[in-house]
Amino acid sequence: MTTPRRARVFSGIQPSGMLHIGNYLGAIQQWVAGQGEKTNFICIVDLHAITVPQEPAALRRQIRELAALLIAAGIDPQQTTLFVQSHVRAHAEGCWLLNCVTPLGWLERMTQYKMKAQKQESILTGLLDYPILQAADILLYDTDEVPVGEDQKQHVELTRDIAQRFNGLYGETFVVPKPVIRESGARVMALNDPTAKMSKSDFTRGHAIRVNDSPDEIRWVIKRAVTDALASIGFSNDPARAGVNNLLQIYELFTGQSRESIESHFAGKGYGALKADVTEAVIEGLRPIRERFERLIADPAEIDRILSIGASQARAVADPKVRVVMDRMGFVLPA
Ligand code: TYM
């Protein structure tokens, strides 16, 4: 009897600036919670980061900072293969191979491309190609599950389409992955505008809480968070109540309490009390992460050592997969 293969989980994150609680609650927290039972790969996607201009010294710093932050947030390199995308050449190779089976029209309709392209004076080719590199990331690991925030759903669906097209053309080669998006935290909204998603590239004070913000800054931002005039506290899908709902979801995910007990805790209370409790939960939830981060970032050699072990583990999976793909497509493989 053969033992069934453990489910594979793959996700990625860009080293393009300090993470905010949207990244943490939408993605990282669920990566940490899922460790152990499945085979996990978490990739720092530096090749994706350069699809918009990056300053080299800042990029180099941000890659190590992101590694330290992920470990500080609970990614355990013993249980998860944590690695940098550019350390595994198979990702760039896989991207090229998949470029040549993907119609251009599939990329041109991607929402994130359209949104990001609007903000650029000159659109780089890599920005359009971005989702194919993401498909290569996922498909090279025979990934079953891709835990992400809501904004990445379309990219994972495109990855499914590419896998199915390739399998149709060349025979069963890729596992067709599925996105895993949790209900709370899937789309953490901006605190100064609950109609917009919290985003790494918006630096307006009050928009986001960064994972390494000081307690004073967290207090400042939540105190000014936009709510509504209804003065009642409950989870809701009503767009008019998006601000309160956002604060409640942040509270839910930082405290781990059920929605029922949260609603009864806040019954009859006002927004002042809600904001005070959310502030406390965020400060206490982020405190250990910030403290561990400060210790880890002081030892870059140790970070590099962990990333180098991760890269070897990732290469052991991705390199043979690229060979299989090239073989299917008719290349003569180097002896
Ligand atoms: P990135 O770096 O923009 O974001 C990392 C993760 O954070 C989630 N996220 C959010 N979740 C909830 N609310 C928000 N406001 C919020 N903002 C961001 C994202 O959904 C994501 O899960 N293209 C990807 C990186 C990537 C990838 C991959 C992901 C490259 N290759 C392969 C999965 C599999 C991205 O830019 O994520």
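Which of the 28 residues around the ligand come nearest? In this predicted model, they are Q14, Y130, D137, D151 and V188. The ligand itself sits in the largest pocket.

**Surroundings of the ligand**

- Strand 1 (8-13), helix 1 (21-33) and helix 7 (125-139) are the elements that each give two or more residues to the shell around the ligand.
- By residue class, the shell comprises 11 nonpolar, 12 polar and 5 charged residues.

- Y130 places a polar side-chain atom 2.6 Å from an oxygen atom of the ligand.
- In the side chain of D137, an N or O atom is 2.7 Å from a nitrogen atom of the ligand.
- M198 takes part through its backbone, where an N or O atom lies 3.0 Å from a nitrogen atom of the ligand.
- On its own, the ligand has 720 Å² of accessible area, and the protein covers 96% of this.

- Since F10 belongs to strand 1 and F83 to strand 3 (residues 80-84), the pair ties together parts that are 73 residues apart in sequence.

How values were computed: Residues numbered from 1 in each chain as written. Predicted model: local features only at pLDDT ≥ 70, side-chain atom pairs only at ≥ 80, totals over all residues. Heavy atoms only, no water. Near = heavy atom within 4 Å. Polar contact = N/O pair within 3.5 Å; in protein donor to acceptor, adjacent residues only side chain to side chain. Areas by Shrake-Rupley, 256 points an atom, 1.4 Å probe, with all protein chains shown as cover. 1 Å grid on protein atoms, 1.4 Å probe; cavity = no way out; pocket = protein on both sides within 12 Å on 5 of 7 lines; lining within 4 Å. Sits in = over half its atoms within 2 Å of the grid points. Helix = DSSP H or I, 4+ residues; strand = E, 2+ residues; numbered from the N terminus. Nonpolar A, V, L, I, M, F, W, Y, C, P; charged D, E, K, R; others polar.
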